[in-house]
Each structure stands twice: as C-alpha cells, then as structure tokens.
Amino acid sequence: MRILLVEDDTDLAQFIRKGLKEEQYAVDVANDGEAGLALALDNPYDLVILDIMLPKLDGLTVCRRIRDKGISTPVLLLTARNTVETKVSGFDTGADQFLEKPFAFVELLARVRALLRRGSSQQLAHLQAADLRLDPAAHRVWRAGHEIALTNKEYSLLEFLLRNKNRVLTRTAIIEHVWDISYDPMTNIVDAHIRALRAKIDRDYSPPLIATVRGAGYMLEEPDASA
C-alpha cells in the first residue's frame, strides 16, 4: 500500500512516516498543499493523509481539487479545529474521515487500516496468472497449489506485477509503487527483489512467469492458454 502524507509540521510528518513505514507502508511526504496536490494527481495512491492547515494551498482545497479530477482515493483529514463547521466543510470537499490533533499513533493507524480496507474493497478478488494465485484479503500466495511464503516487499512486488500482468513495468514505476519516492531510481533494490521472487515462484515451476524486458523493466507474463 502506498500512502501520501501532506503535513507541514516536519517533526510530525517524520514521526507519522516512520511509524507507517514500520507497518510496511510506502509513504511519500509533501510539506505544503501545492506539492501534495501535484503528487496526488501524478501518482496512484491507496490513501491520502491531509492536514487542513497547510501553506500555499489549504487541505480542503487540495481535497476538493483531487475529487474534481475524479480521483476516489480515500482521504483522511488531520485537523486542530474540531468544529462542526470544519467537519461539514471537509465532508463537502469529499473527505472520508477526520482525526483531531493531537492524536495517538495507534488511532491514526486504526483509521488508516479502515480506510485502506474500504478503498480496496473492489480489489479483493483473487489475482491469477497460469497456476499462480494471490489472495489480497489474506495476503497469501500459491503456485501449482503449493503455498509460498513471501516477505512483505516480495508480496507487494508480486501483487503490483499481477495487477499489471502483460504490461511492462519500469524499475522507477516499481520503486515508486512498492517503496516510495525517497528511493534512488538507480539502486538495484528492484533487481534484487525480482531475483528473490523468481527463486520462489518460478525456479521450481513451469512456465516461468516473470520476464525481463531488456532496457525497459519487468513484466509478469500470462501464458497463452491456446498455445
């Protein structure tokens, strides 16, 4: 899961980012409304955590513009102003939930999980290619009927490949979705995880499903059943 956090309090932003990363979420951070809106419009996020009081563009305006573009990503608004008027304004812009500052991280985490479940409710069907099957609800993977144990990142990588099967994914696209924008696109982290994933889902099975597209990236290739 990839989360966008828009918060101008640098210490709070880093605290939230660190906590969410420890829970295996990829987190991008923006410190003002303009930067947050640009990221939200340019990247596919699973959740946006948005402070209301932001420089350049306030959180309500950011939320409204996200919705105006037809983006239905769940939005959690952070606010120090716990008034009926603030909540009405937030819901009118398309926000899904509010969390009043100051808050306990465990409460933030509970709301994140609830919104991610709600936002992914249309994506819980099993994903499949040949005899490889992935259950998004249970976070379990099987190949030829045998369950395969994956690390969190291996699972996220495989899910991203399966959701985009038969499409070439660049290393940058994979890093931005499975990790976050703070990773150097020149790192070999993608190649290392692809090797580990191949060792688990391809090495002892046929046909191999993960293809290298030279000079472009990687693709999970669905075999032609009629071939």
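Predicted model: local features only at pLDDT ≥ 70, side-chain atom pairs only at ≥ 80, totals over all residues.
## Overall fold

Along its principal axes, the C-alpha trace spans about 60 × 35 × 30 Å. Of the 227 residues, 47% count as buried. Contacts between residues 24 or more positions apart make up 58% of those with a separation of 6 or more.

## Helices α6 and α7

Two packed helices are described by the angle between their axes and the distance between the axes. Helix α6 covers residues 152-163, and helix α7 covers residues 171-178. Their axes come within 10 Å and cross at roughly 125°. That makes α6 oblique to α7. The crossing is right-handed.

From α6, the contact uses K153, S156, L157 and F160. From α7, A173, I174, H177 and V178 take part. By class, the contact has five nonpolar, two polar and one charged residues.

## H193 in helix α8

H193 sits in helix α8, which runs over residues 189-201. Is H193 buried or exposed? H193 has a relative accessible area of 19%. The cut-off for buried is under 20%, so H193 is buried.

Which residues does H193 contact, leaving aside its neighbours within four places in sequence? They are K153, E154, L157 and W179. K153 and L157 also belong to the α6 side of the contact with α7.

Notes:
Residues numbered from 1 in each chain as written. Heavy atoms only, no water. Axes fitted to C-alpha atoms, helices over the stretch in contact; angles between N-to-C directions. Helix = DSSP H or I, 4+ residues; strand = E, 2+ residues; numbered from the N terminus. Parallel < 35°, antiparallel > 145°, perpendicular 65-115°, else oblique. Left-handed = near helix turned anticlockwise from the far one by under 90°. Contact = heavy atoms within 4.5 Å. Nonpolar A, V, L, I, M, F, W, Y, C, P; charged D, E, K, R; others polar. Buried < 20%, exposed > 50% of the residue type's maximum accessible area, 1.4 Å probe, protein only.
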